[in-house]
Amino acid sequence: MVLQGQEVRLADTITVNETAYPIPDDPRVSLLDFLRQHIGLTGTKKGCDHGQCGACTVLVNGVRINSCLTLAAMHDGDDVTTIEGLGTPEKPSALQRAFLEHDGYQCGYCTPGQICSATAMLEEIAADWPSDASEALNGKVRISGEEIRERMSGNLCRCGAYANIVAAIEDVAGGGQS
Amino acid sequence: MTVHFKQDEPDNSNRLDGMKQGVLGKPLPRIEGLAKVTGTAPYAAEYPVENCAEGVLVTATITRGEVTSIDRESVLSMPGVIAVIDDEKLCTRAAQGTANEAPMQGPAQVCYWGQPIALVVAETFEQARDAAKHLNVEYRVEEGAPLDPGAVEPEEQEGETVHQGDLAHAMVEAAHSIDVTYTTKGHASAAMEPHAAIAEWDGDKLTVHASLQMLNYNITELADALDMEEDDVRLISRYVGGGFGSKLGISEEVVAAALAAKQVGRPVRVVQSRQQVFQTVMRRSETTQHLRLAADDNGKLVGFGHEALVSNLPGESFAEPVLQSSHFLYGGENRELMLKVARIHRMTAGSVRAPGEAVGMPALEGAMDVLAKKAGIDPVELRLRNIPEDDPEEGLQFSSHKLAECLKQGADAFGWDKGLRKPRQRREGEWWVGTGMASAARVHNISEAKARVTLKADGTALVETDMTDIGTGTYTILAQIAGEMLGLDPKRVLVELGDTRHPRGPGSGGSWGAASIGSAVYVACKAIREELAAKIGTSEDKLELNEGKTATGESLTDLLEGKDLAREGHYEPGDIEDDYTASGFGAFFAEVRVNHYTGETRVERMLGAFGFGRVLNAKTARSQCIGGITWSIGLALTEALEFDPRDGHLVNCDLAEYHVPVHRDVPDLDVVLVEERDAAASPIQAKGIGELGMCGGAAAIANAIYNACGARLYDYPMTPDRVLAAMPD
């Protein structure tokens with residue numbers, strides 16, 4: 001791009017599910033709209049566009065974020081994983097299979113966000129990141145129903161499948177309890 | 001070939017239980033589930049359409065008046081802007097459920113703050129959104145629009161009023177009487193998928209991908225709005241990201257996209273923003289409910305009064321049917337029921353999950369708890385004593401009645417303590433812990449429905465209807481019904497829904513979907529079975545089909561001899577609708593803890609026991625129940641639409657300010673499915689379960705709050721400030 005009369009070279013690609021794409025020209029394009037509108041990955045959902053519902057959750061460099069709250073242009077060189085990158089109908093991930101088995105959804109619209117969120121959330125617990133439900137700020141974090149509920153509370157499900165979603169996550173986490 | 005069945009009598013043939021495949025009712029995972037969990041299921045806005053322009057709605061910033069000018073030039077020079085559409089055919093409200101005609105049109109007349117008045121179309125979403133914000137609009141304001149439902153003279157809603165006996169006298173004479181007034185706030189459906197449409201013209205033929213619940217009505221509504229013939233319109237809604245009433249009728253973006261696509265000569269996508277969905281679609285009306293209950297020494301009701309005030313815009317026929325189950329749930333020979341509607345200029349009021357009982361039952365069941373306390377009778381026992389033999393107003397027999405079983409089985413499963421109930425019996429640190437219960441009731445609805453079933457020459461089956469699956473499980477239960485009837489693994493049944501090219505279904509709404517469309521598929525399959533039976537010289541009722549073979553070993557593929565066998569089933573409810581009072585029944589039990597110092601309430605555990613006819617899929621039925629119970633938690637504790645008293649605009653129009661339950665608000669939930677066969681409900685003996693799970697559940701929580709801490713509240717939601725204000729010292 002040209003900035004103050006000078007050609008400025010920016011790293012100008014985003015890698016999504018291991019494929020590199022050019023960053024769009026319009027700086028207003030959110031990462032969410034980039035995924036859905038520009039590269040056709042509509043598995044990531046727009047529920048509120050304001051970071052209030054979690055339907056647009058994706059992993060950026062392995063960490064979950066609301067893709068509606070960040071601009072595509074801010075992700076030069078980043079690695080983005082969407083629901084399509086976690087598994088496919090032919091080869092679903094363990095969490096995807098567990099959601100199917102436990103009926104961890106109804107209409108399915110919040111589901112990709114729930115699954116992306118849960119995927120990263122389990123890593124956060126494994127890395128002993130504390131939450132409001134944890135016994136202490138330091139030390140080992142024990143997986144429990146309450147930990148899962150607290151950490152998943154940014155992902156709304158209006159159909160009210162929460163009880164089944166938690167059961168699905170516990171199933172994959174193993175050894176968890178309500 | 002179409003096979004028509006009009007049901008005038010209960011169907012006790014119980015055919016589905018005699019089939020050999022054994023898949024109906026089983027907890028099978030959803031057949032479309034893999035598409036949903038992998039993000040490959042396409043919702044309305046997600047179809048790849050070449051050369052699609054983007055539209056963004058512009059909404060009014062006045063309460064009542066007229067748009068006097070729209071300055072197109074203010075945005076047409078902005079980058080990428082293609083058009084500003086203010087066509088008089090633009091819809092200003094969503095259609096009410098089953099309206100079957102265009103909703104209010106004419107965007108120049110403003111009737112509520114937030115009403116759509118124009119659409120800006122641009123090359124990209126970002127350009128359209130920016131231009132929509134910059135569009136200069138001038139208005140002539142008509143001051144003085146009434147906004148407060150309590151400040152206008154309300155209209156009496158026809159067909160709801162009951163005067164039976166002398167309630168006032170009964171209240172004075174009765175051993176126990178209570179007179180209480182409950183209020184509920186407005187609610188939003190808040191389906192996770194915002195309302196969206198992509199419209200495409202091919203000459204005079206219009207195709208719209210939309211997010212709608214009832215395509216069979218929506219096609220008529222859209223054709224009417226555009227002055228078109230239905231044959232020239234195709235609606236597609238294969239996946240719907242939740243509805244809860246908000247997508248029953250066509251909404252503004254559907255018509256706007258169609259008009260814009262025509263005008264700009266290319267496809268147009270319009271997706272409402274979350275804030276627009278809140279403001280332009282439907283609210284559940286707030287309610288004020290006056291309850292009078294009079295009981296004899298034994299707690300048997302002799303008087304029953306339930307009068308409610310709701311609101312809506314001028315010109316809307318819908319009035320939140322608060323009293324729907326109050327007409328038949330409990331006895332009491334002296335009865336006063338009345339529903340009144342205040343005409344005010346808040347956004348449109350319409351159906352939100354379980355219209356009527358969602359708010360009527362929490363008030364009634366709260367009042368029953370007050371009566372139980374006053375009469376010194378266990379709340380479960382009080383309800384058991386008041387289950388009427390027949391409909392107390394109409395005198396009709398009930399099609400089936402599982403309230404007593406639900407109360408008993410629910411109490412057992414929950415571990416209900418039948419001992420003397422007094423508040424403040426258990427304290428854990430800052431928290432009071434207590435339990436409460438409530439009955440559930442939701443009228444059974446059933447509708448005409450058509451579906452085509454094709455038994456393919458290769459031994460698979462195809463089910464086609466314009467019925468939708470809004471998360472309810474329609475895809476799966478139809479595969480199970482067809483699989484059961486035709487002796488096929490449901491994996492061998494392809495179900496195609498949500499396309500008006502298919503036969504007209506009932507649409508998803510009023511919990512009538514499964515029983516209605518399931519019956520149409522049943523009728524079609526029965527006709528196919530008759531053909532197959534004739535081929536092997538037996539009768540349909542003796543035909544046994546299992547895993548693609550007859551009992552004598554002939555395979556379906558051999559019987560079909562290379563030809564498909566198709567039948568269209570047309571189910572129509574007849575006299576059964578008039579001859580019985582039909583309802584789903586149930587019971588809720590909740591344990592809560594209430595913080596003595598902050599007034600915060602947490603639901604510790606909750607159980608629902610429900611009787612709703614045949615269970616078609618134990619997994620998806622249970623999911624509907626836990627969904628309803630989750631809504632009960634929201635209704636009891638957090639959900640409330642707040643309107644600005646100055647201009648009537650919805651203040652908390654997003655998911656940060658309107659508080660639906662989140663993961664941590666919902667504990668593990670228990671569901672008891674009380675199996676039954678309701679022969680007068682439908683030929684498949686099923687009723688609906690999409691709404692019953694939230695019809696009274698909030699009262700179980702309210703009653704548990706009282707039992708826990710002694711705070712008796714009459715206003716939902718029971719937020720910490722309200723609980724604290726009612727908390728005894």
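Modeller: The model is predicted, with local features requiring pLDDT of at least 70 and side-chain atom pairs counted only at pLDDT 80 or more, whereas totals for chains, interfaces and linings use all residues. Residues are numbered from 1 along each chain as its sequence is written, and chains are lettered from A and ligands numbered from 1 in the order in which they are written.

Biologist: Why is strand β4 of chain B called largely enclosed?

Modeller: A residue is buried if 20 or more other C-beta atoms, placed from the backbone, lie within 10 Å of its own, exposed if 12 or fewer, and partly exposed in between. Four of the five residues of β4(B) (81–85) are buried, so the strand is largely enclosed by the rest of the structure.

Biologist: What makes β4(B) and β6(B) a pair?

Modeller: Strands are DSSP runs of E of at least two residues, helices are runs of H or I of at least four, and both are numbered from the N terminus. Two strands pair if DSSP finds at least two bridges between them. β4(B) and β6(B) (116–122) have four bridges, in the antiparallel sense, and B:I85 has B:L119 as its bridge partner.

Biologist: How do you know that the length of helix α7 of chain B agrees with its number of residues?

Modeller: The expected span is 1.5 Å times one less than the number of residues. For the 13 residues of α7(B) (252–264) this gives 18 Å, and the end C-alpha atoms are 18 Å apart, so the two agree.

Biologist: What makes α7(B) mostly covered?

Modeller: Ten of its 13 residues are buried, among them B:E252, B:V254 and B:L259. After the helix comes B:G265, with a positive phi near 70°.

Biologist: Which are the edge strands of the open five-stranded sheet in chain B?

Modeller: The order is β1-β28-β23-β24-β25, with mixed pairing. β1 (2–7) and β25 (493–496) each pair on one side only, and these are the edge strands. β24(B) (461–464) runs parallel to β25(B), joined by four bridges, and B:V463 stands opposite B:V495.

Biologist: How many residues of chain A are in contact with chain B, and how are they classed?

Modeller: Contact requires C-beta atoms, placed from the backbone, to lie within 7 Å. By that criterion, 51 residues of chain A are in contact with 47 of chain B. The chain A side divides into 22 nonpolar (Ala, Val, Leu, Ile, Met, Phe, Trp, Tyr, Cys and Pro), ten charged (Asp, Glu, Lys and Arg) and 19 polar residues (the others, Gly among them).

Notes. Contact = placed C-beta atoms within 7 Å.
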